[in-house]
Amino acid sequence: MELSKTEEQLMQYLWKLEKAFMKDILEVYPEPKPATTTVATLLKRMIGKGFVAYKTYGKSREYYPLVKKEDYFSRHVNGLIKTFFNDSASQFASFFTRKTDLTKEELQELKAIIDKEIKNK
């Protein structure tokens, strides 16, 4: 399952907060802040999708992510590679290195990361 853009934005806040009550979530939203009912609806959908859970304290719920940010991002990138780059990581890497505004230093850092991973295989 995937998250909508608004759910993904909320998930970013939950990953940052790690766990939060509704008031905490609303505090991190920029102005104009969404209505509490809007955030509650998003949370309900995200719970249904298995991305978020909560603990109940009296009448309050403390929400927390069930999916790690790194795992979600990895799945998202792998989906992009499959959909847009014929399931070829090398085509993705070629596009990424040619079509982004990476500096020479950033490209060298990427090369060092790749060289390290090659050694570890």
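**Views of a predicted chain**

**View 1. Strand 1 beside strand 3.** In this predicted model, strand 1 (residues 20–21) and strand 3 (residues 60–65) run antiparallel and are joined by two bridges, where strands are DSSP runs of E with at least two residues, helices are runs of H or I with at least four residues, and both are numbered from the N terminus. Two strands are said to pair if DSSP finds at least two bridges between them. Within this pair, Ala20 stands opposite Tyr63 of strand 3.

**View 2. The hairpin of strand 2 and strand 3.** Six bridges pair strand 2 (residues 52–57) with strand 3 in the antiparallel sense, and Ala53 stands opposite Tyr64 of strand 3. Two residues lie between strand 2 and strand 3 in this hairpin, and Gly58 in the turn has a positive phi of about 65°. In a regular strand, the side chains alternate between the two faces of the sheet.

**View 3. The strands in the setting of the chain.** The chain holds six helices and three strands, which follow one another along the sequence as α-β-α-α-β-β-α-α-α. Its C-alpha trace spans about 55 × 25 × 25 Å along the principal axes. Of the 121 residues in the chain, 23% are buried, that is, under 20% relative accessible area with a 1.4 Å probe and protein chains only.

**Notes.** Residues are numbered from 1 along each chain as its sequence is written, and side-chain values use heavy atoms, with hydrogens and water left out. Because the model is predicted, local features need pLDDT of at least 70 and side-chain atom pairs count only at pLDDT 80 or more, whereas totals for chains, interfaces and linings use all residues.

Terms used:
Buried means under 20% relative accessible area, exposed over 50%, partly exposed in between (1.4 Å probe, protein chains only).
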